[in-house]
Amino acid sequence: MISLHNIRTVARYEAKTLRRSWLFRLFSIGALFILTMMNIGLFSPIGDEQWAFLSIPSSLPQMNLYLLNIAQALIIVFLASDFLKKDKKLDTNEVLYTRPMSNLEYIIGKSWGILKLFLGLNLIILLITLIINIIAKNTFIDIGAYFTHLLIITIPTLIFSLGFAYIMMSVIRNQAITFLLLLGYAALDMFYLYHRGGSIFDYMLFGMPVLKSQITGYDNIMLIASHRLLYTSLGLFFIFLTTLIFKRLPQSRPHRIVTVVLLFLLLGTSAYTGYYFYNDFNSNTKMRSSTLETNRIYEDKPFLTVTDATIELTHSDKEISARADLTCVNNSGEEIGDYYFSLNPSLTVSNIMVNGNDAGFSVDNHIVIITSGNLTAPGEKISITFNYSGGINEAYSYPWYNDNIKDNPYRIGPMQIKKRQSFLRSDYALLTSEVHWYPVAGLNYYPTNPARIKIDFTNYTLKVKTDRSLMALSQGNASQEGDFTLFRNTTPLTGLTLIIGNYMSDTLIVDSVEYRAYYYKGHDFFKSDLNEIGDTLSHLVSNVMTELVTNFSSEYPFKNLDLVEVPIHFHSIERKNTQTRAEVQPSLILLPERLATLNRGDFYRTIKRSKKRMERNNEVITDRELQVRAFSSFVRNNFISSNDFSFRDGNRTKVPGRYLLGPSFYFFKNNFYSHSYPVINAAFESHLQKVASTGNMGRFFLGGLSENDKANTILRETSLKDLLATDPSNDTLRIVLTVKGDYIFNLLRAEAGIDEFNEWFVDYLEMNKFKNIDINDLSNDLEEKFGFNMLPVLDNWFRGTGQPGFYFTEIEAREIIVDNHTRYLVSFIASNPEPTQGLFNITFRTGGRGGGMGGGGMGGGGVTISVSGAGRGSVSITGAGGRGMQPNQIDRIVKMDSNQARKISVILDAQPRMMSINTLTSLNNPGEIAIPFIDIIKDNRAAANENDLILTSIPRFTEDNEIIVDNEDPGFRVYEQQSSGRLKEWLGITGNDRDNYREMFSRWAPEYWQKTIQSSYYGKYVKSAVYTRAGTGDRHISWSAKIDDPGYYDIYTYITVRGRGRSGGQGQGGGQSMNSSRESNTMQDLHYLVSHDDGNEEVTVDAENAEHGWNHLGSYYLSPDSAAVTLSNLSDGRTVRGDAIKWVKQNSIK
Amino acid sequence: MKIEIRDLNLIYKNGNHAVKDINLDIEPGMFGLLGPNGAGKSSLMKILVALMKPSSGKVLIDGEDIQKVRKKLRSCLGYLPQDFRFFSRLKTWEFLDYAGSLAGLKNRRERLAIVDDLLDKVGLLEARDRKANKLSGGMKRRLGIAQSLIGDPRILVVDEPTTGLDPDERIRFRNILSDLSQNDIIIVLSTHIVSDISSTCHDMALLNQGELVFSGSPDKLVKEAEGHVYNLSLTQFEYEGIKDTLHIITSIPSETGWDVQVVANDVSGYNSKPIEPNLEHAYVYYMEHKLNGSGIAI
């Protein structure tokens, strides 16, 4: 009935016409050129060979089609509406319209013509990609993905764009408005809609994740299919609808009837697929909120503690059925009537027995409530057996999580990856303890206190039956028992993980720990890349483990360490009650397939690059040594420390690594709990598991607030207890807990002595391995050992907001002689005039230590971070700012009472280069102050006394005859015009955050006065300044002071200068950060306008030759009135910075 | 095959009554549709080729309403619109191939042979591979004619086909049509050039302001003008006197003044001689004299 001949004819000639149009030609040539270049640049041996892409070969066609798709979604709008515009001018087409074809055939033909052409272009680009794919090293070719991605990405987008353009053009009949609407929708998708409603509006797949794993394929093919079918059917619906409203008399009634029937079918398909897709998104959202609500009901219930668990599980198809025999004890301290367990809500419990008898139970969402009928006394043991089966609901496991891809992206290049928390398929399963695939006596989240955690150390035994072709993996030693694989553990675990897949494995035994690697066939590319280190591997692994054991002062607690390759989609969610991520399980690390997203996972490229660098530098190095370095660097950068950071609100934020081994040395083996301070374990974990080998990234780029500073700013306003009640963000919680953890351990060390405390605490942790320790017991033990009661401190730590404030004066370093040896005496006065007691620790960088890497612990110094050097530095694993179990760089911790000043003296063996003071929790901003020592005074007679001296009075911060106005003071004002446009304002694009401290960008200094912070700036507690781009003098700042006594005044301005920071003199934070050179040399002439009795005088200061600190502007007679100094942005330099002005009254009137 | 037009009306949205109560039968052969610009010729033709729906009335082909059998109509139709432009990015032969393919010529080889044949027929074979925007006005017209002929239409509707053609081309075109009209097909030719009709059509209709004012053979029209066409030999003075009052068809300067052909009812008082009218005379007589009722009396 429908003539294919006619359709093909129209299509052929429409395509021909389109192909000859300039727009299409330019577009296709441009696309071919750009994408070919991109392919060569990203994937080929000539280019960068990006590992994240090459490791997931389906990403090559996806990346190409993704980019091309965005471009063609826009260009097709032009072409389609242009075509219809022509059709509106009937004369051109009349000769065609009088031909015997139906409107349906004509529109289909036209559409097919356009589609054909674009598909051709896509195929050519895919062909180019395929060629590069073949040339590329270390990758596979996923030929299937070339077709499926075309089907998923390109075709639905093209059909929808075409249909949408047709219908708009037919209805609106105005090309300009149609353009505006269509391009508007495209832009809306890219900037606004792509992440909303689970990406349901994202017709061009700008944001929706469709990455394909080499292990499990597309993460949810039904969902992807429904989304794409939605847009395909909607597009076809529009196309067919166009045939009905098309301006040509229809040919025949049957065709119209066919069209109408098709329209209904298509509309039905769109509605169904749209509903299916949205329902999935919505049910996840609902599951999260119902989990939260249910948890709210049960969070105060007493829970049992599970000591032993034997789970017998059968996996078939997309389900598991299991029997869990739990041995529990009542450790809650009270009698328990009903027992509460969490179990994944997609699992259905069929039967429960308590102590061998059937027990009644009910299920509320995911909470299984067992009514025992008896009261269980504290300390009493019971056994409970669960029989259950079903699937796994992933959304359940992280109920607080917002799975919006904009807020929480997970990407390779620009392509989003769907975050999956578990898999349960017929050919693959990954069940971590977080999804509660077995009954857990506790909740996954406590809504009123998100930092609370309940940890059971349980002896697990697992029996698994699955398809014979698949391998089951779990913690412990595996043995075969008939159809079942049996896993026995010799140590208690905080959780059990089950993985089923088609794995291959390798084993290495080093120092009685069994290291096992599980990977998919062909994914062991690393073996050939690291083929020369085979015989040294044991040695390397041993070194790493020894280093970890030394740094954490704890043995590795398990008999094995399994590295398991899991699908790229697996991505845990940050938790609020622990920094341990689900990628790391007790004795198990779940690594992304082919190490795709890991730092330095591409050994081949790392080695190739080092080799090139070595050759350039004429260094001779063996392949073996290169491989050793690549391996060490990989291990270090993923399992020991992690340098990832994200850029948020103009400041860098550290992103904690997902694969750190730290939890094995604390979280998986120790647990402190407290009913009064239910955040204690998280704070302890933050401190004890911290490995900050590469310094504080946040401060490498100077001027913004460090994470500590941000945390202290928050804690100034609200206590930890109140903060927890507001359900803070993960970032906030993490930085606050870190500060809190650091404080408490610094305090303990200050009270007990650094070494004394460490020695005792290490033993304490080992003694209480796999036990839950009440914080009261810890306090008692501490008091017994050191005579110090930590509970009163904890109370203020949890509920208080007061902070001490420190300033440091009379800082000097002397070279002295002690017992005929040259020693160095550093002394200074520390003052805390605030009513709250506090702590600070001191770290010295001495000449003897050398090397930039020593700076790991310096934090605030912003010492150069060389990532490549991280593998070599001997002191790379240290506690930053006195953090971690072995804060071996801390030279002194000083406890300061309220309203106290102390003279502090430290004797050093080597010449100090710099002193870093970390004020932990204080009013100081930045809280870490770096003070370099330029001049060392030779003083053979000075006494070598290291005792602190408490002063009778607190030294004044300013002298009597001085008036100082800092940029934080009320006398400071900023004059400038509103620089952002009205439209930007409406859209909220101001890019202007002058009231928060931001990193300095001297090359792109803002066109307004931006606040910035650095320990070399002037300030009592807050050492800040404002800076702007140098210009014509249209922006000003002024400092005004009220003069009470008339007379001559010397007026000074505070300038921070590169490399000339002095610790002497007033020493008011006169320290100089190494990296301030980044911005200070961008200043040249500074133009001040000084107001005095005789008018105003312009004073120009040459910042390049200025002194560090106070620079004299001149002496002027001032009457009792307001005095003022103004600074404009007029300068030949790059930036202008204003900090503080000082008026000093002269003693005698001139 | 026969076209019957019954009570046909077309009223545009703006109220313009383009076609008024037209009743007409068209038999195989050449049928001429004559009328001044704006008479409704093109509108009538668009209804004939089912590009437009009439407001009322019917067009029947062999007794069937074309609005109900559009497919049948389109399958046997060749149409050349008045304002014919075509896709500038297609080559001459491609365009014909496109039209031919849609006209039902499915076999590619045969179709291409027909395309070349037609190109040859309209003298465009040399411009076979030229793109439309490289063709002259006349060539474009010829290409239009060629596309209307492709697929051996049983009904050929050509709207002002000879506009822009030079005399040679016009003659060639007329010959093509004449040849075709021998094959029992209906050719509807609309024009405002009288000679196109006089030399080819056996039947014709005259439209004025949407109304059918005459239908019949050209001879019949000519007959109506008999006795109303004169040849006058005028002095310069006389010529000046009638120049604005009489419908002059030709005026040739002579030794004594002017030799003038006029359409008039009576030219007594002048040196006149009645002459045999042709279609052009008849058309002028009909349009200016009979319809507008301008009496030609001196």
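Residues are numbered from 1 along each chain as its sequence is written, while chains are lettered from A and ligands numbered from 1 in the order in which they are written. Because the model is predicted, local features need pLDDT of at least 70 and side-chain atom pairs count only at pLDDT 80 or more, whereas totals for chains, interfaces and linings use all residues.

**Exercise 1. Chain A in outline**

Find how many helices and strands chain A has, and what share of its residues is buried.

Step 1. Helices (H or I, at least four residues) and strands (E, at least two) are DSSP runs, numbered from the N terminus. A residue is buried if 20 or more other C-beta atoms lie within 10 Å of its own, exposed if 12 or fewer, and partly exposed in between; C-beta atoms are placed from the backbone.

Step 2. Chain A has 24 helices and 49 strands.

Step 3. Of the 1150 residues in chain A, 49% are buried.

Step 4. Turn to contacts, meaning C-beta atoms, placed from the backbone, within 7 Å. Among contacts in chain A between residues at least 6 apart in sequence, 78% join residues at least 24 apart.

**Exercise 2. Where the chains meet**

State how many residues of chain A are in contact with chain B, and which elements of chain A take part.

Step 1. The count is 21 residues of chain A against 27 residues of chain B.

Step 2. On the chain A side, helix 1 (4-19) and helix 5 (90-97) are the elements that give two or more residues.

Step 3. Sort that side by class. Ala, Val, Leu, Ile, Met, Phe, Trp, Tyr, Cys and Pro count as nonpolar, Asp, Glu, Lys and Arg as charged, and the others, Gly among them, as polar. The side of chain A has seven nonpolar, nine polar and five charged residues.

**Exercise 3. Helices of chain B**

Step 1. Lys41(B) and Leu48(B) are among them.

Step 2. Ala50(B) follows helix 1 of chain B and has a positive phi, near 65°.

Step 3. Helix 3 (residues 92-102) and helix 4 (residues 108-121) of chain B pack at about 125°, with axes 9 Å apart. Axes are lines fitted to C-alpha atoms, for helices over the stretch in contact, and angles run from 0 to 180 degrees between N-to-C directions.

Step 4. Angles under 35 degrees count as roughly parallel, over 145 as roughly antiparallel, 65 to 115 as roughly perpendicular and the rest as oblique. Helix 3 and helix 4 of chain B are therefore oblique.

Step 5. The contact has seven nonpolar, three polar and two charged residues.

**Exercise 4. A helix pair in chain A**

Classify the crossing of helix 9 and helix 10 of chain A.

Step 1. Helix 9 (residues 221-245) and helix 10 (residues 253-298) of chain A cross at roughly 150°, and their axes come within 8 Å.

Step 2. These two helices of chain A are therefore roughly antiparallel.

Step 3. Their contact divides into 15 nonpolar, nine polar and one charged residue.

**Exercise 5. Strands of chain A**

Work out how strand 8 of chain A joins strand 9 of chain A, and how strand 35 of chain A is placed.

Step 1. Two strands pair if DSSP finds at least two bridges between them. Strand 8 (residues 360-364) and strand 9 (residues 367-376) of chain A run antiparallel, joined by five bridges.

Step 2. They form a hairpin with two residues between them. In the turn, Asn365(A) has a positive phi of about 55°. Asp364(A) stands opposite Ile367(A).

Step 3. Strand 35 (residues 928-932) of chain A is mostly covered, with five of its five residues buried. Ile929(A) and Ile931(A) point one way; Glu928(A), Ala930(A) and Pro932(A) point the other.

Step 4. Strand 34 (residues 912-918) of chain A pairs with strand 35 of chain A in the antiparallel sense over five bridges. Met915(A) stands opposite Ile931(A).

Notes:
Contact = placed C-beta atoms within 7 Å.
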